[in-house]
Amino acid sequence: MKMARSFMDLIWDYAVFVVFIIFSTLVPLWGRFFGKKEKTKADYVFGLGTISMGAMMLSIARGTLGVRSFLGYPSELFYRGSAMWETLYGMVTAYPVVCFIFIPVYFNLGVTSVYQYLDLRFNSRLVRCLASGTYIVRSLLNLGVTVYTPTVALNTVIGIPYWVSLIGISAISIGFNLLGGLKAAITADVIQGVTMILISLGIIIQAMVTVGGFDKIFTIPAEAGRLNFFNFTGDFTLRVDTTSAWLGQLFMSLSIFGCQQNFVQRYLSMSTFKEVRRTLMSNIPVVIVLFCLAWIVGMGVFSVYAACDPMQAGYINKMDEILPFFVEDKFSYLPGVLGIFMASLFNGALSLNVSNLNSLATVTWEDFLSHLPRFKGINDKQQLHVIKFIGSIYGVIVMGVGFSVGLLSGVIESSMLMTSATSGPLLGVFLLAMLVPIANWKGAACGMIVSHIITLWITFGSLTVSKEAILLPTTIEGCTNDTFSSGITKPTKSWLLTNTPLEVESEFSYFDTTPQTPATQGLGFPENLYSVSYMYYSLIGTFLTVAVGILVSMLTAHSDDAYDRKLLHPIAYHCSMIFPGKARRFITNPDIRPKDTEKAGVDQKKAPIEELERDNLGFDSVSQQSGVTVVSVDPIPPKPNEREVYRKRDIEAAH
């Protein structure tokens, strides 16, 4: 591999890179050695009472946008235009839905894993394991891409061997997992978020100076056809238009924000529901600003290279290399800037890996291992050690997946398509649980299985349809000897870079998939179905899960399907009371311990998890018996003359 600049030219960048990585690693772990230590599982999982609202907001925003916001959006605008910018509509729409539909149900249940809720609601380990297993597999595949992505950029720009970066990211992630917890992960997110904001602002300023004015950052891309909004085509096979951007992002975001452990874990770490609501709603303008900032960076880079495309000129090999090339080219006069930029990519993968390892370990413990006889009855400290050990194992697995990505070019696209295909079934089963009173475990399980099968069939079937990558036109007519900085040379090709695509991990899979042209006329079934844009996969999966779940639940309804009313969203419960039908009883689950979270004038802290949660083991013992157990003691006494029933339209199945 031949670098664009010599080692001595990059000596300051190497030094800054190393110093920044050390700083961003030690600061989040400072409290481990000199502050309050995580003594319980709750401290590790939730960081109780130690995380500020500002840090939580930036962490949620950072997790929302991911590495793609820093590296991928600029290349998206440069070579494909602004169509994906409109996914912001769906992202913003999802926040209030999650805030007022999902969080009120989760918050007072005292659960550690979000998939615990499904077990409580459906009284079924099968549904719980289907959901949590999907999350684990999807996360491992995506994390493998996450940790691998910056290693290629580091190898391309400053010559660090990709395996060195991969081992470094994995080793630091495992250290974080052992020494820190959610608090350390959020602190790392804050450092990463602030760094990316500052670098983005620096790039915009540099582009403004280069092209001769801030207004040209907008006018040049607009004149080149890069800014095209409100494009309602009605074509379901088009890669993305305004409709598919909004709907696709809405359902994808609902699945991620409302049904994914690493996000819900952050919500539950806050003290009151009022604080969660304030944080989420206040996060909307933060996400808008950060989201748009990345696209403005793309406009700045395009305005500089509008007359001379580095990829067409042969200076870069992949679309996503455009931003690293810009920093290397235009900041060559300022030693160390390239080092900070590359360190931010490294740290971006690191912080995403750390927070997800924490969530993966928690889900694995709560949803699988804690129910095994070997682990029944172990104390809180032992549980904490097991969770940390699980996280370390996952760190090694992710590193292995990362090495596989470097050898098998198809892994990237396959893992991203898996993300898109599994988001719908996950969202659908949670909507069934919260909003459909008649839903039972049989309907939920069948809905998820059928939805997985069909969406995966469509996803992999789409790979058989002929696709053509379409990029917006660029030119090299304006290239001169002074276009790029002195010392910038065309890199020689290596086997690794030639055979491995440089794609960026994203929570939103469609950013990483090859764009496709509209399906040709005359395609028959199933080719016309395969040609549907991947933007709609999450919507299709959600609809299938809900539709099949309701149908099967109606056909298999039984008195054993009774559940605690608190597991249903209050709006869904009150709406069900309006419908005619046979009145049915519900059970009171002793493992649900709601708490009054918004007493006027009282600064109430979150209760310790051991007092709020029994991991519904007692409820499991009920599920193993025949019939329905009605518990006479309800933690929340009913109002006088209130019937302990809920109404639903159903078909009662006889024994």
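## Residue V19

V19 sits in helix α1, which spans residues 11–26. In this predicted model, V19 has a relative accessible area of 55% and is therefore exposed, the cut-off being over 50%. The C-alpha atom of V19 lies 9.5 Å from that of G339, although 320 residues separate the two along the chain.

## Confidence

Mean pLDDT for the protein chain is 75, and 71% of the residues reach at least 70. Among the elements of the chain, helix α22 (residues 537–555) has the highest confidence, at 94. Helix α25 (residues 617–623) has the lowest, with a mean of 32.

One covers residues 493–520, where the model has 106 contacts beyond four places in sequence. Another covers residues 595–655, with 132 such contacts in the model.

## Nonpolar core

The largest nonpolar core contains 144 residues. The members that touch the most other members are F102, Y106, Y117, L118 and F430. Helix α14 (residues 273–305) is the greatest contributor to this core, supplying 17 residues. In soluble globular proteins, nonpolar side chains tend to be buried together.

The surroundings of L118 can be given in detail. Leaving aside residues up to four places away in sequence, L118 is in contact with N123, V127, R128, A131, V429, F430 and A433. One of these partners, F430, is also among the core members that touch the most others.

## Salt bridges

There are seven salt bridges in the structure. One of them joins the side chains of R125 and D119, with an N to O distance of 3.9 Å. D119 has a relative accessibility of 1% and so counts as buried, whereas R125, at a relative accessible area of 28%, is partly exposed.

Another bridge is formed by the side chains of D329 and K330, at 3.5 Å from N to O. Here D329 is buried, with a relative accessible area of 0%. K330 is at 15%, which also makes K330 buried, because the limit is under 20%.

A further bridge pairs D561 with K442, whose closest N and O atoms are 3.6 Å apart. D561 is buried at a relative accessible area of 9%, while K442 is partly exposed at 22% relative accessibility.

## Packing of α13 and α16

Two packed helices are described by the angle between their axes and the distance between the axes. For helix α13 (residues 261–268) and helix α16 (residues 337–367), the angle is about 90° and the axes are 9 Å apart. Angles of 65 to 115 degrees count as roughly perpendicular, so α13 and α16 fall into that class.

On the α13 side, the residues in contact are Q261, N262, Q265 and R266. They meet S355, N356, N358, S359, T362 and V363 of α16.

Technical notes: Residues are numbered from 1 along each chain as its sequence is written. This is a predicted model: local features need pLDDT of at least 70, side-chain atom pairs count only at pLDDT 80 or more; totals for chains, interfaces and linings use all residues. Side-chain values use heavy atoms; hydrogens and water are left out. A nonpolar core is a set of buried Ala, Val, Leu, Ile, Met, Phe, Trp, Tyr and Cys residues joined through side-chain atoms within 4.5 Å. Buried means under 20% relative accessible area, exposed over 50%, partly exposed in between (1.4 Å probe, protein chains only). Helices (H or I, at least four residues) and strands (E, at least two) are DSSP runs, numbered from the N terminus. Contact means heavy atoms within 4.5 Å. pLDDT is the predictor's confidence in each residue, from 0 to 100. A salt bridge is a side-chain nitrogen of Lys or Arg within 4 Å of a carboxyl oxygen of Asp or Glu. Axes are lines fitted to C-alpha atoms, for helices over the stretch in contact, and angles run from 0 to 180 degrees between N-to-C directions. Angles under 35 degrees count as roughly parallel, over 145 as roughly antiparallel, 65 to 115 as roughly perpendicular and the rest as oblique.
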